[in-house]
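Please read the following report alongside the sequence and the model.

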Amino acid sequence: MRCSALWASLGLLVVLGGARAGTVKKLGNNTGRFANATLVRLSEFLSAGYKKGVRPVRDWRQSTMVAIDLMVYSILNVDEKNQVLTTYIWYRQEWIDEFLVWNPEDFDEVKQVSIPTANLWVPDILINEFVDVGKSPDIPYVYVGHNGLVRNYKPIQVVTACTLNIYNFPFDLQNCSLTFQSWLHTINDINITLMRSPENLKEDKSLFMNQGEWELLHVLSKYKSFSLDNSDYYAEMKFNVVIRRRPLFYTVNLLLPSIFLMVMDIVGFYLPPDSGERVSFKITLLLGYSVFLIIVSDTLPATAIGTPLIGVYFVVCMALLVISLTETVVIVRLVHKQDLQRRVPPWLRRLLLERAASLFCVRSKHTLCPVLAHEPQVDIYKESSTGAARCSHHPHPQGGRGERGLGLGLGLPPARDPTPPVMENILQEICSIRLFLERRDECRDIAKEWLQVGYVLDVLLFRVYLLAVLAYSITLGTLWSVWQYA
């Protein structure tokens, strides 16, 4: 009985082998223009009974391992407002199709053949971050090897969502992810792996077009399995594309003009504070900076969740220009000569002309106003002659007439004025001139004191303004340098 069963099994294998050979031979007996066409025979052999809707494994418990690879070719667009990254990549994926296997000896040593993608089973691996269909060329064929290895290579224009951080603009570095996973099949059906090692993938920049605004630093890869309901697990491969912006264009067109305008504002402090030219100069700078901000507003990236630091820099520069103009207006108001201006208060004189001037090494008041080194010659008039003393005690002509009228009313003889009328008139004119000169010298002294206060205050405010500008510039320069070379 055992021998009979063995002979029956061998007979069955012989019959099956003969049927398989007969099938190949039958497929090869094409007539007409396809006679002796090896690729036609092979195509018909592979497509005979093939089911593209079924996962190509003989044992359903075995998962299909899909090896993928990614090479970044170009960065097409970075839309900061909509948080969208557009890249052009070369995508490769390979898997084993157990139903597409043949013996090369039966088909003139053909070891691989191209087959339309529509006729094969293709894994449903997609990119999770897809937000739009790019203009990718259609590649309708895949390569199939005699051992069942299917190679699907194609370029893809990827339009993906990416969280773009523009705070460091134009020295920003962006990290955008491309997550590949099967949309439907679990890890028991489709698993994902890399075609190359993560180290080779990270440093591969051979295809990248490195002449645009963005520079490719590296591409990181990470495999992860996750579950949504703790029962079915899915496999995913995440690629992190790390790119950095080249800041030269924005430095030349945004930062340098702003720096030049701020330098000119600092230089404007060397104009005399008592001249009106400084105010007009500061207003011109403020208007020029406003026009500059209007021009560069379209260049700056705009988002609803944050403002780049360079935008804050422009706003602070505008505020510094406004503060500079306000300081100039205050100084011009102090040093402007007015006849009804009061004297400098003693506390202000001690605070600015004595303590602040010595503390901040400001030049002395004699150096600032050499005319103040000489005291006004008012005492000369007071001590010049007896006529000045008489002028100070001489009655007014109307008052004299009143006294004479009073004497006549009392019946007394009129008093005789020892001064002749001509001399009295001359003395009155001299007294008027002396009073006018005293008042003029007093107004000049007041104006010179306020001018001295204005000069000292202008020097102090200029130093404070200069320190603020330098501290702000050094802080921003350090931050941008760290971001650029980190």
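How many aromatic pairs does the structure hold? The structure holds 16 aromatic pairs, where rings of Phe, Tyr and Trp (its six-membered ring) pair if their centres lie within 6.5 Å, and planes under 30 degrees apart count as stacked, over 60 as edge-to-face and the rest as tilted. The model is predicted, and local features need pLDDT of at least 70, side-chain atom pairs count only at pLDDT 80 or more, while totals for chains, interfaces and linings use all residues. Residues are numbered from 1 along each chain as its sequence is written, and side-chain values use heavy atoms, with hydrogens and water left out.

**Rings and charges**

One of the aromatic pairs is formed by Tyr-73 and Tyr-88, whose rings are edge-to-face at 5.8 Å centre to centre, with 65 degrees between the planes. Tyr-73 lies in strand S1 (residues 64–79) and Tyr-88 in strand S2 (residues 84–96), so the pair ties together parts that are 15 residues apart in sequence; helices (H or I, at least four residues) and strands (E, at least two) are DSSP runs, numbered from the N terminus. Tyr-73 is partly exposed, with a relative accessible area of 27%, whereas Tyr-88 counts as buried at 18% relative accessibility. Buried here means under 20% relative accessible area, exposed over 50%, and partly exposed in between (1.4 Å probe, protein chains only).

Elsewhere, ring pairs link Tyr-289, Phe-292, Tyr-313, Phe-314 and Tyr-472 into a cluster. Charged side chains also sit over rings: Arg-92 lies over the face of Tyr-153, at 5.4 Å from the ring centre, and Lys-282 lies over the face of Phe-269, at 3.7 Å from the ring centre. The criterion is that NZ of Lys or CZ of Arg is within 6 Å of the ring centre and within 35 degrees of the ring normal.

**Strand pairing**

Two strands pair if DSSP finds at least two bridges between them.

| Strand paired with S7 | Bridges |
|---|---|
| S2 | 13 bridges |
| S5 (residues 130–133) | three bridges |
| S6 (residues 141–145) | two bridges |

Within these pairings, the bridge partner of Tyr-88 in S7 is Gln-157, Asp-132 stands opposite Val-159, and Val-144 stands opposite Val-150. S6 and S7 form a hairpin with three residues between them, and Gly-148 in the turn has a positive phi of about 90 degrees.

A further four strands form an open sheet in the order S4-S8-S11-S10, with antiparallel pairing. Its edge strands, S4 (125–127) and S10 (214–227), each pair on one side only. Inside this sheet, nine bridges join strand S8 (residues 173–182) to strand S11 (residues 233–245), and Phe-180 stands opposite Met-237 in S11.

**Cysteines**

A search of the whole structure finds one disulfide, a disulfide being a pair of cysteine sulfur atoms within 2.5 Å. It joins Cys-162 to Cys-176, with an S to S distance of 1.9 Å, and with -85 degrees about the S-S bond the link is left-handed.
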